[in-house]
Amino acid sequence: MLDPAPVSSLAAYAAHASLTRGRRHAEPAATPRSEFQRDRDRIVHSTAFRRLEYKTQVFVNHEGDLFRTRLTHSLEVAQIGRTCARSLGLNEDLAETIALAHDLGHTPFGHVGQDLLNECMQEHGGFEHNLQSLRVVDELEQKYAEFEGLNLTFEAREGILKHCSVKNAQQLGDVGERFVAGRQPSLEAQITNLADEIAYNNHDVDDGLRSGLITLEQLREAAIFARHLDGVRRLYPDLNDRRLIHETIRRMINTLVTDLIEETRRNIALHRPDGIDAVRACPPLAAFSAEIREESLALKRFLFQNLYRHYRVVRMSEKARRLLRELFVAFTSNPRLLPPEHRERAASDLHRTVCDYIAGMTDRYAIREHRRIFDIEELA
Ligand code: MG
C-alpha cells in the first residue's frame, strides 16, 4: 500500500510555480494564489469550461442524464491526476489545471465531430482537438481587458497541447518546440495524460453497462475487468448489479492509479531528473507497468469493438456527422447565416471562423442551430 502524501511536498523534478517560464503577456504576481492556481481559476471561469457540460463523447447529451459529459469527465481526470501528482511530489495545481483544460477544444458529438471538422478543413489547415484546446485558452476566450485568451502559464499550455503534428508545432513557438525536438512535457502533463486514459476507460465501462449496449458477461473478455469482477463477486456474492459494477470499477481505478504511481516512481529513481528541464529531456517517465499497460490496452480494444462501434452508437455518430457537415457547408456557402459577432473575422478567414464556431458548439446547441437554419417552421 502507498502512504498518502502530505500536501506541499514538491519534489525537485516537479513544476514549481515560482520558476514558471511565464505568460505570453506579463502580469503582476497572482498573490495570494500561485501562478498555477490562477491558471486553474481562469479555466473554471471560462465559457468553454461551462460548455463542457453539454458536450459528450460516446452518448449524446439528450440520450440520458446520468452519462458522463465532457465536464464530469474532466473532473474525474482532475481527481485522478491530483491523486497521482500529490503522491509523486508533483504540482497538484498544475495537474488539476491541465486536466480541467484538456478537453476545452472538443467539438460537439465527440470524436465524430473532430474527424468531420478535420475533413472539412483539409484545404484550410485541418483540425486537431488538442491544438483547438490551446486556441481556446490562447485566443478564443475573450474576457480580459489586456489580452486575448486566458494568458495561461507556459507549463499549463505545454500540458494542454498533448499532441500536435510537427507541421502545426513549427508555427506555435515555444510551446510547439518539443514536438520538433522530440522532448517530453512536465511530469504533471504526462501524469494527467494517463489519468485521462484511466478516467475514460473506466467511465465508458460504467456508461456502456448503464446504456445496456454492453453486458457484464461480455466485459469479462477484458482480463482486468474479469479479475476485479470475480474478486468482488467472491467477497460479496449477493450484491446487486449496480453496486457490483461500482465496486468493480473503483477497484480497477485503484489498481491502475497505484500501478501508475509505482511505475513512475521507478522510472524517476532510474533517471533521477533534478528539475523540470531534466524531465523534459528524459524519455517518458510517467507510465504503467508492462503488464497493466497490456491489460489497459485490451480493455480499450474491447470498448472500441463493442461499445464505440455498437450499431446504435454508429447510427448516432452518422446523424451527428451529417448535421455538422450541413452546418459547415451552410455557413461557408453563405457567411451571412453566421451570428453577427462572427462576421468580421469571417470576412478575412471564413473557414477557420466557421470551424471555431462549430467546434465551440455544445451538442444541443448544434442540434438547435441546425433546426434554425434548415427547418422552415423553426424560428431563425
Ligand atoms: Mg479527455
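**Rings, cysteines and a magnesium site**

The charged end of R364 sits over the ring of Y54, 3.7 Å from its centre; a charge counts as over a ring if NZ of Lys or CZ of Arg is within 6 Å of the ring centre and within 35 degrees of the ring normal. R42 does likewise with Y144, lying over its face at 4.9 Å from the ring centre. This is a predicted model, where local features need pLDDT of at least 70, side-chain atom pairs count only at pLDDT 80 or more, and totals for chains, interfaces and linings use all residues. Residues are numbered from 1 along each chain as its sequence is written, and side-chain values use heavy atoms, with hydrogens and water left out.

On to the magnesium ion: its protein donors are H73 (NE2), H102 (NE2) and D196 (OD), at 2.1 to 2.4 Å. Donors here are N, O and S atoms within 2.8 Å of the metal (3.2 Å for Na, K and Ca), and water is not among the atoms, so the site may look incomplete. Along the chain, the donors are spaced H-x28-H-x93-D.

As for cysteines, the structure holds 0 disulfides, a disulfide being a pair of cysteine sulfur atoms within 2.5 Å. C84 has its nearest cysteine sulfur, that of C282, 19 Å away. The sulfur of C120 is 8.3 Å from the closest one, in C355, so it is too far for a bond. C84 is buried at 0% relative accessible area, and C120 is buried at 14%.

Technical notes:
Buried < 20%, exposed > 50% of the residue type's maximum accessible area, 1.4 Å probe, protein only.
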